[in-house]
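Please look over this model with me. My notes follow in numbered points.

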Amino acid sequence: MNHEIVLIYARAANGAIGYEGQLPWRLPADLRRFKALTMGKPMVMGRKTFESLPGLLPGRRHIVLTRKERWESEGAEIAHSAAEALIAAKAGNSSGEVAVVGGSAIYDVFRPLAQRIEVTEIHADYPGDTFMKPLGPEWTETAREHHAASGETPAFSFVTYHRRDEGEAEDQN
């Protein structure tokens, strides 16, 4: 089976995706979407992202990519390279998708391999110490669901991007 690699993240208008090991915002709709996008799928993440979770997320495999040779955590599958993480993610995976869920260095490694990106674009700036680069011309927006600001919650959009065919990306230049 060919597995689609999907990057999933939320990004503030200024590019922030994290601050002091946590999300810099509270957006329940984004957490619900994250759960829907990852349920039943293997999730590939870095060690720091794994350690920032409140615990193992039910219904999902946790594949942790780390350079630490002796690191382990109950319930996590350990990988020491992107190739090793993908082999683990594809093994026994009938969903057809591999969810890559952070952090920024992991996104940088998997972005060239991804076919789809699911982003929650938050239409406000937040303080951050971890940032995500904007997407390049190799990506095309295929879906957008806008949500207006409400109370303390800023406006945000759920956006889906697909990798363009090489010829398509060249036509845009």
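Where is Thr120 found?

1. Thr120 is found in strand E7. Strands (E, at least two residues) and helices (H or I, at least four) are DSSP runs, numbered from the N terminus. This is a predicted model: local features need pLDDT of at least 70, side-chain atom pairs count only at pLDDT 80 or more, and totals for chains, interfaces and linings use all residues. Residues are numbered from 1 along each chain as its sequence is written, and side-chain values use heavy atoms, with hydrogens and water left out.

2. Thr120 is buried, at a relative accessible area of 1%. Buried means under 20%, exposed over 50%, partly exposed in between (1.4 Å probe, protein chains only). Beyond four places in sequence, Thr120 has contacts (heavy atoms within 4.5 Å) that include Tyr9, Leu27, Arg33 and Phe156.

3. The Thr120 side chain makes a polar contact with the Asp30 side chain (2.6 Å). Such a contact is a pair of N or O atoms within 3.5 Å; within protein, one must be able to donate a hydrogen and the other to accept it, and residues adjacent in sequence count only if both atoms are side-chain atoms.

4. Asp30 belongs to helix H1 (residues 28-38), where Ala29, Asp30, Arg33, Leu37 and Thr38 are buried. They lie on the same side of H1 because they cover an arc of only 155° around the axis, taken from the directions from the helix axis to the C-beta atoms. Arg32 and Ala36 are exposed, on the face turned away from the buried side.

5. The buried residues of H1 pack against strands including E1 (4-12), E3 (42-46) and E7 (116-122). Gly40 follows H1, with a positive phi near 80°.
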